[in-house]
Amino acid sequence: MTVNNIAEKFKDEFKSLVEMELITEASLRNYSASNVHSILQYCLINAGSKCGFISIPEYKIRLSNPISKPKVDKRFENCRGKNIWSLKLDVGFLSP
């Protein structure tokens, strides 16, 4: 399965939640109070699972080579902890 397959399954999941009125225009306008982030994570997890992936929320990736914050954004030149050693994903898709 590919990213396009996950995207299509995500749209199906999202559409079904809209039809059940779990997601409404009002909830999208009031995103944080309506817990929309968690609902979208749920859609991603289900979509990945339906495509044959192990879908894990809040997945952390350890980088072998750090990302230098000052190289990415000059606002970080005078900050402590100038390197990013890991990235946190809303949902990680692992191949079984």
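This is a predicted model: local features need pLDDT of at least 70, side-chain atom pairs count only at pLDDT 80 or more; totals for chains, interfaces and linings use all residues.
A: Residues are numbered from 1 along the chain as its sequence is written, and side-chain values use heavy atoms, leaving out hydrogens and water.

Q: How many Å should helix 3 span, and how far apart are its end C-alpha atoms?

A: The expected span is 1.5 Å times one less than the number of residues. Helix 3 covers residues 36-50, so its 15 residues should span 21 Å, and its end C-alpha atoms agree, being 21 Å apart. Just after helix 3, G52 takes a positive phi of about 90°.

Q: Which residues of helix 3 are buried, and what covers them?

A: Seen by relative accessible area (buried is under 20%, exposed over 50%, partly exposed in between, with a 1.4 Å probe and protein chains only), the buried residues of helix 3 are V36, I39, Q41, C43, N46, A47 and G48. Their cover includes helix 1 (3-19) and helix 2 (25-29), together with strand 1 (54-68) and strand 2 (83-94).

Q: What is S55 in contact with, leaving aside its neighbours within four places in sequence?

A: S55 is found in strand 1 and counts as buried, at 13% relative accessibility. With contact taken as heavy atoms within 4.5 Å, S55 meets L44, I45, G48, S49, V91, G92 and F93, its neighbours within four places aside. Two backbone atoms lie by polar atoms of the S55 side chain: the oxygen of I45 at 3.2 Å and the nitrogen of S49 at 3.3 Å.

Q: How many disulfides does a search of the whole structure find?

A: A disulfide is a covalent bond between the sulfur atoms of two cysteines; the cut-off here is 2.5 Å between the sulfurs. The search finds zero. The sulfur of C43 has its closest cysteine sulfur in C51, 13 Å away, which is too far for a bond. C43 is buried at 0% relative accessibility, and C51 is buried too, at 7%.

Q: How many aromatic pairs are there?

A: A pair of aromatic rings is described by the distance of the centres and the angle of the planes. Rings of Phe, Tyr and Trp (its six-membered ring) pair if their centres lie within 6.5 Å; planes under 30 degrees apart are stacked, over 60 edge-to-face, the rest tilted. By this rule there are two pairs. F10 and F14 are stacked, 6.2 Å centre to centre with 25° between the planes. They are four residues apart in helix 1, so about one helical turn separates them. F10 is partly exposed at 21% relative accessible area, as is F14 at 25%.

Q: And what kind of aromatic pair do F53 and F93 form?

A: F53 and F93 form an edge-to-face pair, 6.3 Å centre to centre with 65° between the planes. This pair links distant parts of the chain, 40 residues apart: F53 is in the loop between helix 3 and strand 1, and F93 is in strand 2. F93 counts as partly exposed, at 31% relative accessibility.

Key: Helices (H or I, at least four residues) and strands (E, at least two) are DSSP runs, numbered from the N terminus. A polar contact is a pair of N or O atoms within 3.5 Å; within protein, one must be able to donate a hydrogen and the other to accept it, and residues adjacent in sequence count only if both atoms are side-chain atoms.
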